[in-house]
Amino acid sequence: MLKNNPLWYKNAIFYEVHLRSFCDSNGDGKGDLPGLTTKLDYLKELGVDCIWLLPMFPSPLNDDGYDIADYDNIHPDYGTVEDFKTLVAEAHARGMRIVADLVLNHTSDQHAWFVESRKSKDNPYRDYYVWSDTDQKYTDARIIFVDTEPSNWTLDEATGEYYWHRFYASQPDLNYDNPEVADKMIDILKYWMDMGIDGFRADAVPYLFEREGTNCENLPETHAYLKRVRRVLDQDYPGTILLGEANQWPWDLRPYFGGDEADLTAPGDEFHMAFHFPVMPRIYKALKLGDTTDILDIMDRTPSIPDNCQWCVFLRNHDEVTLEMVTEEDRQLMWKLYAPEDRMRLNLGIRRRLAPLLDNDRRKIEVANAILFSLPGAPIVYYGDEIGMGDNIWLFDRNGVRTPMQWTAEPGTGFSSAEPWAPVIDDDTYGYQKINVAAQQADPESLFHTMKHFIATRKAHPILGWGRCDFLRVENKAVLAYLRRTGEGQMLIVCNLSDQPQEVTLSLPEFRGVTPQDVLTGQAHNIISDEYTLSLGAYQYYWFDLSGTT
C-alpha cells in the first residue's frame, strides 16, 4: 500500500509508459490500460515507484495523443474510465503511484470547443482560442516544430482569421486570457484527481499566455496561473504533484518552482518537480568526447531550488533527444556524432533510443545510468530502455522510439496476439527474438538486472535523492566526480566517461582515514589520505559510501 509521505517524489523512480506500445489485452494490436495493469508486477519487480502515462484521452492522434479531443474520457483504444480507475487502484495496492499527462496549452482541432470556435467570429467558443486578423502578431515567438510548421499562425478560410498554435497546426492554443478557459482547465484537473491519481505531468507549460513584444514564453501571467493550479492540488489533493515539462535553461526554470529564491527553506508554490533538459545532451557529448566539461558547466549554472521541490532527470523519453538547449556549434557536433544519417534527425534533435545512441555498448549504457541514478533529481526510465530496446528511424515522426515493448521471443513479442500498431523491432541486433524481458529476467547478468540493481541501491541510499551535490574539480577531464551529502551520510560518485583506462587524483582531506565502500559491488577500497588516487577502466564507475568512521 502507499505510504503517506508528502515528499515521496524526492527519491522516487519514475517509469514512462507509452500505453499504445506497452501491452495489448484485447488482441487489437494496440496497448491499453488493462494490459498495463497486467504488467504492474513487472514494474514493481524493477523497482518503479511512479508510472508516468503518456496521453490517454480521445484524440485523432496527429501528435500521438498530445492533440486532445476530449478531456473527460479515455481513448477507446486504451479502454474506459473504469479501466483507468482499476489501474490506479491496483498500482496503489502495490505501493506505486500514477501520474498522467495533462496538456494545458492546446487541444486538437477536433475538440468540440475548437469545432465551435471556428464556425463564426461571434460563436460563444470563439474566445476559447487565440484568433487574429493578421499573422504578424507575436513575431518574436520561435517556431518549435521547425521541420513541419512555417508559422505559429494558420489561416482558417471559413472565417478569414488566423489561429495561434505553438506546435502543429492541428493543435490550436487555448486562450488563457479567457477566465472560462482558465476555470475549465482547473475543473478538468480536479475531475481526474478525484479518481485518485497522484498528480500530473503538465505538458508545454511555458506557452500558456501571449504578449506582444515578448517571445511568449515564461510570462508572469503563466506563472500566476500555475500557482493557482498548485494551490488547488495542495488544498484539495495533498500528497499529489505537479511535474512541469518546460524545455528551458535551468535558470529560466527556477521561477517555475516558486518560493523565495533567497530562502530555500521557504516552500515552493508552483511546480513540485521539473525536468532538467539541458544536462541530458551534455551527458551524451561527454561520452563521445571523453570530456566532462559541459556537464560540470551546466550543473554549476543550475540554481538551487526549494527544499520541497525536485528535479527530474532522464536519458531518453518519448520525444527526440532535444538539442534546443545547446549552442548551434554543439548542435551540429551532436548531429555529426550521433545522427550521421539525415533520417536520424528530427526538428532540433535526434530520433534514437538509448541503446542505439550508445552503440549498444553495455559499458556506455551502464555508466550513463550510473550518472542518471546519482545526479540530483528523481530519475525517469523510458519503457524498454531497461532491456536495451532499439529503434526504427523510418517510422513517422517520433514513432521510431515508441515501438511495441518486447516481452518475449514469441511472434508479436508478447505485446499482442494481433499485428501490432507499429512494426516491432526485428533486426539482428535489437530484434525481439534476442532483446526481450523474459530472456533478461532469466539472465542474472542482463541489463535488466543491472538496472534493477541500480534502482535498489539508490533506494537503499536516500542521500542520492535528498542530498546536496558538490562536483569535484579534477585535472582529468574524462572523469566525473561528485559528492552527495546529507546530515546522515556522504557518498562519492566517480565515473570514467572515456573508452580508455583513466587515473584520477581527488582532493579529499575531510575524509582522511575513511575506507570507501562501493555500494554497487560491496567492495572496499584503499583508505583515503588527503589525496586519493583511483584507477578506472574504460567507462568504469563507482558509488562510494564515505559514511564510515574516520
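**Two crossing helices**

Is the crossing of helices α9 and α10 left-handed or right-handed? In this predicted model, the crossing of α9 and α10 is left-handed. Helix α9 covers residues 279–289 and helix α10 covers residues 293–300; their axes come within 8 Å and cross at roughly 160°. Angles over 145 degrees count as roughly antiparallel, and α9 and α10 are therefore roughly antiparallel to each other.

On the α9 side, the contact is made by Val279, Arg282, Ile283, Lys285 and Ala286. On the α10 side, Asp294, Ile295, Ile298 and Met299 take part. Of the residues in this contact, six are nonpolar, three are charged and none is polar.

**The closed barrel**

Eight strands form a closed barrel in the order β1-β2-β3-β7-β8-β9-β10-β14, and their pairing is parallel. On average, and with direction ignored, neighbouring strands of this sheet are turned by 25° against each other. In general, the strands of a sheet pair through backbone hydrogen bonds, in either a parallel or an antiparallel manner.

Glu16 has Tyr382 in β14 as its bridge partner. Helix α6 (residues 179–193) lies across two strands, β3 (97–103) and β7 (199–203), and runs at about 140° to β7.

**An aromatic pair between strands**

The whole structure contains 40 aromatic pairs. One of these is formed by Trp52 and Phe275, whose ring centres are 5.5 Å apart. The planes of the two rings stand at 40°, so the pair is tilted.

Which parts of the chain does this pair tie together? Trp52 belongs to strand β2 (residues 50–53), whereas Phe275 belongs to strand β9 (residues 273–275). The pair therefore links parts that lie 223 residues apart in sequence.

**The open sheet**

A further sheet is open and consists of five strands in the order β15-β16-β17-β21-β19, with antiparallel pairing. Its edge strands are β15 (468–471) and β19 (517–518), each of which pairs on one side only.

How many bridges join β19 to β21? Strand β19 pairs with strand β21 (residues 541–545) over two bridges, in the antiparallel sense. Within this pairing, Gln517 stands opposite Asp545 in β21.

Terms used
Residues are numbered from 1 along each chain as its sequence is written. This is a predicted model: local features need pLDDT of at least 70, side-chain atom pairs count only at pLDDT 80 or more; totals for chains, interfaces and linings use all residues. Side-chain values use heavy atoms; hydrogens and water are left out. Axes are lines fitted to C-alpha atoms, for helices over the stretch in contact, and angles run from 0 to 180 degrees between N-to-C directions. Helices (H or I, at least four residues) and strands (E, at least two) are DSSP runs, numbered from the N terminus. Angles under 35 degrees count as roughly parallel, over 145 as roughly antiparallel, 65 to 115 as roughly perpendicular and the rest as oblique. A crossing is left-handed if the near helix is turned anticlockwise from the far one by less than a right angle, and right-handed if clockwise. Contact means heavy atoms within 4.5 Å. Ala, Val, Leu, Ile, Met, Phe, Trp, Tyr, Cys and Pro count as nonpolar, Asp, Glu, Lys and Arg as charged, and the others, Gly among them, as polar. Two strands pair if DSSP finds at least two bridges between them. Rings of Phe, Tyr and Trp (its six-membered ring) pair if their centres lie within 6.5 Å; planes under 30 degrees apart count as stacked, over 60 as edge-to-face and the rest as tilted.
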